[in-house]
Each structure stands twice: as C-alpha cells, then as structure tokens.
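An account in running paragraphs, with the cut-offs behind each term, would be welcome.

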Amino acid sequence: MDGLIFYWISWIVWIIITFFMKKNTYRIYLALWVLSLIAFSSSELFVGNTKINVSIIVLYIGALLLLASTSSRILNVMRSLCFVFGYVGLLFWEQISPVWLIIPRVIMIPFLGFILLILLTKNNVERIAIWCLGVTTGEVLHSLILNSYGFNDYIGDMAFFDILITGIGIIVAAAFLLEVRSKLDHMIELIEKQKKRWSQ
C-alpha cells in the first residue's frame, strides 16, 4: 500500500497552502509544485535501463528553486549534503541489517531528519528545501550505487515519496502547532490584562 501516505499528506499540504497562506506569488508557486508532484507521481521515464519517476525531476527542480530563494544558499547546500549521506547510509543499513529497524522506516527516517533540521536551521522554508533536496539526491545516489552492482532499482518509488512527504508533514505540523501556541499565549496575555483592569 505504498503511496497512500504520500497522496493523503500531499492533499492536506496543498489545502493548507491554498487556503491558509497569504495570497502572493510564493503561495501559487508552492501550490503548483505540490499539484505537479501529485500529477506526475504515476508517470515514468527510462534513462538506459533505469526507470525514473517523473515526480523526482519535478521535486528536484522545485527544491533547487526553493533553496535559491533562501538567504544562506551555500550553507543550505552543505546542510543538504548531510541529509544525502545520512539518508543513503540509513537505506544501506536497512538493507544490510533490517533487524535493527524496530520502528517502520516511514516514521523513523523523517523523525530523525526533523530532529536534525531543528538543530541545523530555524526557518521552515529552509527546512523543507534542505529536506527535499537532501533526501531526493540521496534516493538518486542510492539507486545509482545499486545499479552499478547490477540491481535495476527504480528511482523514486512510492515508498520513497511516503518518507519524503511524511517529513514535510512533520515540518508543517510543527510550524502549525507553534503558530497555534503563540496565538493562545497572546490570547492568555490579553485575558490577564483584562482581569487586571477589572480588578482595579
């Protein structure tokens, strides 16, 4: 049942972008990017003997454009490289000794990535750009390494997109919860001020 998490969270993210973000060109770009990912997720192309999901290309281009819009581009590229090697290492670790993976990969990899993203950057746009670029490059590198050993691995299967979109979903959910918390704190402050006025 690979791909269900991808479609489910993708539509939730698209709804949040379309109906809850401020109206600007940035919002239109993000909404079109998510819709393109959903639309091309079932399309494939062949490069030699390797089968590639078209959404990988869409994801790569979108992640590069998103990364280019951030202030510290070179630093974010270096952060993405951390995710490339970390993701490839986790995939090979899973293949060599799957017994050590007590938690399903669709939960463990995004959760570890989110913890690392919190340590590396504070901006949510940078987190999404670094996550998308790092994990996508890691998926391509992992498949190319397997292809060099004679395994015809599919680049960008739906299990990969489940991992990717779960990571994005965690970032968006954390940002949403922080926003709700700040609004609640603001409301509590206003209520306390009103109580002080009434007591006087």
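The model is predicted, so local features need pLDDT of at least 70 and side-chain atom pairs count only at pLDDT 80 or more, while totals for chains, interfaces and linings use all residues. Residues are numbered from 1 along each chain as its sequence is written, and side-chain values use heavy atoms, with hydrogens and water left out.

The axes of H2 and helix H3 (residues 54-68) come within 8 Å and cross at roughly 160°. Axes are lines fitted to C-alpha atoms, for helices over the stretch in contact, and angles run from 0 to 180 degrees between N-to-C directions. This angle makes H2 roughly antiparallel to H3 (over 145 degrees; under 35 counts as roughly parallel, 65 to 115 as roughly perpendicular and the rest as oblique). On the H2 side, the contact (heavy atoms within 4.5 Å) is made by Tyr26, Tyr29, Leu30, Trp33, Ser36, Leu37 and Phe40, which face Val54, Ser55, Val58, Leu59, Gly62, Ala63, Leu65 and Leu66 of H3. Twelve of these residues are nonpolar, three are polar and none is charged; Ala, Val, Leu, Ile, Met, Phe, Trp, Tyr, Cys and Pro count as nonpolar, Asp, Glu, Lys and Arg as charged, and the others, Gly among them, as polar.

H2 also packs against H1. The axes of helix H1 (residues 4-20) and helix H2 (residues 25-40) come within 9 Å and cross at roughly 160°, which makes H1 roughly antiparallel to H2. The crossing of H1 and H2 is left-handed. Phe6, Tyr7, Ser10, Trp11, Val13, Trp14, Ile17 and Thr18 of H1 meet Arg27, Leu30, Ala31, Val34, Leu35, Leu37 and Ile38 of H2. By class, the contact of H1 with H2 has twelve nonpolar, two polar and one charged residue.

The largest pocket holds about 870 Å³ of space. On a 1 Å grid over the protein atoms alone, a pocket is an open set of points where a 1.4 Å probe fits, with protein on both sides within 12 Å along at least five of seven lines, and lining residues have an atom within 4 Å of a point. Grid points are joined across faces, edges and corners, and the volume is the space filled by probe spheres set on the points. Of its 26 lining residues, Ile16, Ile17, Met21, Val172 and Ala175 lie nearest the centre of the pocket. H1, H2, H6 and H7 are the elements that give two or more residues to this lining, and H7 gives the most, with ten. The lining comprises 21 nonpolar, two polar and three charged residues.

Overall, the protein chain has seven helices and two strands, which are DSSP runs numbered from the N terminus (helices H or I, at least four residues; strands E, at least two).

Notes. A crossing is left-handed if the near helix is turned anticlockwise from the far one by less than a right angle, and right-handed if clockwise.
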